[in-house]
Amino acid sequence: MTTIPTGSLRPRTTGPLVMAPSILSADFARLGEDVRRVEKAGADWVHVDVMDGHFVPNITVGPVVVHWLKKCTSLPQDVHLMIENPENYIPAFAKAGAWNITVHWEACRRPAEVIRLIKKSGCQAGLSVRPRTPIQKVAPYLKELNLVLVMTVEPGFGGQSFMPDMIPKIRWLREQCAGMAPSRRPWVEVDGGINNDTAPLAVHAGANVLVAGNAIFAAPDSAFALKTLRHRAQTPIL
């Protein structure tokens with residue numbers, strides 16, 4: 001089973017693979033109901049995509065949504081900040097109830113200081129890069145991170161197609177983490193175009209956290225879709 005870095009809170013998991021449904025694709029008129037449904041179906045985390053209309057061309061949610069989600073679910077909130085100057089907002093998201101906060105390397109003038117701020121605020125720390133940014137940019141920070149997020153679409157909108165040329169990034173991370181003590185290995189998270197066909201590719205390459213939005217919340221039965229996706233993700237590739 002995947003080991004959570006020492007000193008972290010322990011989110012509920014159902015096996016070596018973590019499923020983190022993204023509320024970006026949920027029905028916001030029934031957000032609590034949607035999240036409770038996937039929690040009952042075995043979701044491990046809930047993924048919250050935060051966009052500011054500057055770092056990416058879209059605007060989504062703020063700390064208030066994290067605050068109210070905490071009142072309707074026990075799932076850890078995996079908050080992905082696709083925003084400029086993330087250091088200005090990290091304390092607010094931490095106070096609202098974020099469990100993990102992931103920032104983008106491209107949005108940080110001093111990534112090490114931002115990572116320290118996240119941890120000082122009481123959260124797990126994650127770092128992500130855009131598809132066009134080399135994954136090696138995260139290398140100097142791996143020992144301090146709890147999670148590395150590989151974007152397999154351009155951040156900004158849900159419903160995009162999986163970019164298979166991002167798979168080498170996942171493999172590189174798997175190789176880097178293999179040389180670390182199990183208690184210090186960061187989660188390898190993949191977000192973008194994850195569905196029944198692409199999930200096995202990501203897991204086979206080394207991912208142990210899958211973020212999925214449309215594949216779960218746009219399905220007629222989100223609970224069944226989540227269970228099916230977990231099963232398919234762990235199906236060996238022949």
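Is Gln77 buried or exposed? In this predicted model, Gln77 counts as buried because its relative accessibility is 2%, below the 20% limit for that class. The residue is found in strand E3. Leaving aside residues up to four places away in sequence, Gln77 touches Val46, Val48, Val66, Leu69, Lys70, Gly97, Ala98, Trp99 and Asn100.

The largest nonpolar core has 65 residues, and Ile101 and Leu210 are the members that touch the most others within it. Helix H5, spanning residues 167-178, provides the largest share of this core, namely five residues. A second, separate core comprises 11 residues, among them Trp45, Met151, Val153 and Trp187. With residues up to four places away in sequence again not counted, the contacts of Ile101 are Val79, Leu81, Ile90, Phe93, Ala94, Ile118, Cys123, Gln124, Ala125 and Gly126.

Two asparagine residues in loops were also considered. Asn85 lies in the loop between strand E3 (77-82) and helix H3 (90-96). Its phi angle is near 50°, a positive value in a residue other than glycine. Asn85 counts as partly exposed because its relative accessibility is 28%, a value that falls between the limits of 20% for buried and 50% for exposed residues. Asn146 is located in the loop between strand E5 (124-129) and strand E6 (147-151). With a relative accessible area of 6%, Asn146 is buried, since the class requires a value under 20%. The C-alpha atoms of Asn146 and Lys119 are 9.8 Å apart in space, and the two residues are separated by 27 residues in sequence.

Analysis of the surface concerned the largest pocket, which has a volume of about 270 Å³. This pocket is lined by 24 residues, of which Gly158, Gly159, Asp191, Gly192 and Gly193 are the closest to its centre. At least two lining residues are supplied by each of strand E2 (46-51), strand E8 (209-212) and helix H7 (214-217). Classified by residue type, the lining consists of 11 nonpolar, 11 polar and two charged residues.

Methods. Residues are numbered from 1 along each chain as its sequence is written. This is a predicted model: local features need pLDDT of at least 70, side-chain atom pairs count only at pLDDT 80 or more; totals for chains, interfaces and linings use all residues. Side-chain values use heavy atoms; hydrogens and water are left out. On a 1 Å grid over the protein atoms alone, a cavity is a set of points where a 1.4 Å probe fits but cannot get out, and a pocket is an open set with protein on both sides within 12 Å along at least five of seven lines; lining residues have an atom within 4 Å of a point. Grid points are joined across faces, edges and corners, and a volume is the space filled by probe spheres set on the points. Helices (H or I, at least four residues) and strands (E, at least two) are DSSP runs, numbered from the N terminus. Ala, Val, Leu, Ile, Met, Phe, Trp, Tyr, Cys and Pro count as nonpolar, Asp, Glu, Lys and Arg as charged, and the others, Gly among them, as polar. Buried means under 20% relative accessible area, exposed over 50%, partly exposed in between (1.4 Å probe, protein chains only). A nonpolar core is a set of buried Ala, Val, Leu, Ile, Met, Phe, Trp, Tyr and Cys residues joined through side-chain atoms within 4.5 Å. Contact means heavy atoms within 4.5 Å.
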